[in-house]
Amino acid sequence: MAEEKGTLSIHTENIFPIIKKFLYSDHEIFLRELVSNAVDASQKLKKLASFGECKEEVGDLKVTVSLDENAKTITISDNGIGMTADEIKKYINQIAFSGATEFLEKYKDKGEDKQIIGHFGLGFYSAFMVASKVEIVTKSFREGTEAARWICDGSTEFEISPADKATRGTDIILHVADDSKEFLDKYRLQNILDKYCKFLPVQIEFDAKVVNNPNPIWTKQPSELKDEDYINFYKELYPFTEDPLFWIHLNVDYPFNLTGILYFPKLKGEFEVQKNKIQLYSRQVFITDEVKDVVPEFLMLLHGVIDSPDIPLNVSRSYLQADSNVKKINTYITKKVADKLSELFNNDRKGFEEKWNDIGVFIKYGMISEDKFYEKAKDFCLLKNLKNEFFTVNEYKERIKDSQTDKNQDIVALYSSDPGKQDAYIQSAERKGYDVLLLDTLIDSHFIGLVERKNEKFHLKRVDADTVEKLIDKDEKLESVLSEDQQKSIKEIFEKVISKPNMTVTVESLPVDELPVSLTMPEFMRRMKDMAMGGRT
Ligand code: ADP
Ligand code: MG
């Protein structure tokens with residue numbers, strides 16, 4: 001057999017059903033795609049007008065979505081650049097030939113190109129996910145061009161004919177298929193628009209109402225904005241929530257493009273897991289609230305928006321994980337958050353301490369889960385004592401180093417995980433001149449382990465652990481209220497009743513209003529128990 005070389009031919013007949021079925025798993029996306037094409041057409045006109053290429057008045061650019069339940073149609077209209085019959089052939093008939101890419105190529109040297117959304121040249125065909133027939137009626141902005149009508153029923157046949165449209169722009173008319181009747185519902189469309197098109201940069205109307213805010217604050221410069229603007233925007237995103245604690249305005253051009261605002265919410269109690277509170281946008285089009293790979297896991301507690309044209313959007317999750325831009329963005333966000341916290345700590349320590357109850361859990365969680373974050377956060381992560389005073393680990397080591405019994409040994413700090421139950425131990429320690437920290441949240445048992453691993457010769461002992469006995473200076477013994485014999489028999493009784501080999505019974509000669517007997521368990525035993533109980537104490 002002779003050698004043969006050739007090009008694989010791709011038949012559109014084969015590709016069309018695949019596009020219809022698999023282009024997007026979510027059929028509601030069709031509206032996002034068509035509205036963003038209409039927005040692109042408006043932005044392109046604006047741009048061409050700025051180069052003096054549009055002879056007629058641009059006027060107010062606007063996209064209108066309308067629903068006709070009786071005719072079973074959804075129409076997306078714009079007064080953007082429109083298309084000539086030749087342009088339809090070029091941009092629409094050639095599936096996957098992205099007009100947007102071509103436009104950017106052509107005008108790339110003429111400045112700003114961030115306004116154009118289209119990228120893949122497939123968006124338009126998502127119309128066939130819900131429509132059995134699609135009509136385009138369009139008139140180009142170019143002088144002396146004729147309006148054109150294109151009709152296609154989802155097969156590879158199409159029809160182009162002259163149309164009698166007098167005004168510039170495009171109407172996309174979807175004849176909704178029987179299996180997609182759900183979209184012939186006003187509220188459904190309203191919801192979809194609200195989800196995907198809320199911040200698109202050109203005014204969008206549906207049912208005689210404007211559905212979007214075309215100038216969301218993340219697109220502005222931080223210097224233009226007041227605290228009030230940030231808070232109002234937060235309320236716009238999450239109505240009926242408490243004010244955020246603070247926020248970070250992300251704004252970077254290089255080595256990737258990213259803007260956005262991340263808010264620190266008031267965390268209620270511990271980890272009331274509030275996932276999916278960060279929305280991911282690409283050029284102001286909502287993409288997803290599944291930001292798992294883009295935002296480090298510990299920052300999933302934050303709220304807000306991230307907008308980046310550099311995040312690949314129509315690819316699989318595994319691709320997203322491997323994408324180098326996504327990794328860079330993830331690292332950048334971690335760094336920005338750490339820098340902001342560090343700035344707050346350095347500029348307003350008191351304000352930072354006041355916020356600690358809300359942000360402490362989150363910072364500890366970040367330190368446990370990301371080493372890079374730990375390295376920055378160790379300088380502003382605070383330990384709180386029972387007197388409501390705050391210290392960094394280094395400050396605390398310095399503070400308690402002189403109260404140690406054995407000055408040559410490791411530094412031991414005491415903490416309480418449950419002041420209510422450990423009150424007697426706390427009083428006893430405090431009376432002997434020891435400070436006691438409060439480490440009582442779920443995350444603290446992990447956090448203590450981390451602090452000990454990272455700080456050589458520094459240990460945190462629970463105030464009721466037996467090591468405390470070794471730590472506390474026995475010299476300052478108080479006047480005995482019990483005789484030696486009494487103490488011995490009490491100890492025996494307790495040991496018999498408790499009969500737990502891990503427990504140490506100590507009978508102390510203390511004033512009457514306090515416990516004469518303490519039961520302690522070695523620290524490592526307690527931790528084993530904690531672990532078995534999933535970190536709960
Ligand atoms: P993309 O947006 O990625 O370019 P689409 O399949 O969404 O791909 O659209 C293909 C092309 O069709 C666009 O690039 C544009 O040239 C043209 N087009 C689609 N909708 C409109 C519209 N409303 N007005 C003018 N041109 C349009
Ligand atoms: Mg498009």
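1. The axes of helix H9 (residues 349-369) and helix H13 (residues 444-454) come within 10 Å and cross at roughly 50°. Axes here are lines fitted to C-alpha atoms, for helices over the stretch in contact, with angles running from 0 to 180 degrees between N-to-C directions. Helices (H or I, at least four residues) and strands (E, at least two) are DSSP runs, numbered from the N terminus. H9 and H13 are therefore oblique to each other; angles under 35 degrees count as roughly parallel, over 145 as roughly antiparallel, 65 to 115 as roughly perpendicular and the rest as oblique.

2. This is a predicted model, in which local features need pLDDT of at least 70 and side-chain atom pairs count only at pLDDT 80 or more, while totals for chains, interfaces and linings use all residues. Residues are numbered from 1 along each chain as its sequence is written, and chains are lettered from A and ligands numbered from 1 in the order in which they are written.

3. Which residues of H9 and H13 meet? From H9 come Lys 364, Met 367 and Ile 368, and from H13 come His 446, Phe 447 and Leu 450; contact requires C-beta atoms, placed from the backbone, to lie within 7 Å. By class, this contact of H9 with H13 has four nonpolar, one polar and one charged residues. Ala, Val, Leu, Ile, Met, Phe, Trp, Tyr, Cys and Pro count as nonpolar, Asp, Glu, Lys and Arg as charged, and the others, Gly among them, as polar.

4. Helix H2 (residues 29-50) has 22 residues and spans 31 Å from its first C-alpha to its last, close to the 32 Å expected at 1.5 Å a residue. The expected span is 1.5 Å times one less than the number of residues. H2 is mostly covered, with 17 of its 22 residues buried. A residue is buried if 20 or more other C-beta atoms, placed from the backbone, lie within 10 Å of its own, exposed if 12 or fewer, and partly exposed in between. Just after H2, Gly 52 has a positive phi of about 75°.

5. Lys 72 is not a glycine, yet its phi is positive, at about 55°. Lys 72 lies in the loop between strand S1 (62-68) and strand S2 (73-78). Lys 72 counts as partly exposed because it has 18 C-beta neighbours inside 10 Å.

6. A cis peptide bond joins Tyr 254 and Pro 255, with omega about 5°. Pro 255 belongs to the loop between strand S9 (246-252) and strand S10 (258-264).

Terms used. Two residues are in contact if their C-beta atoms, placed from the backbone, lie within 7 Å.
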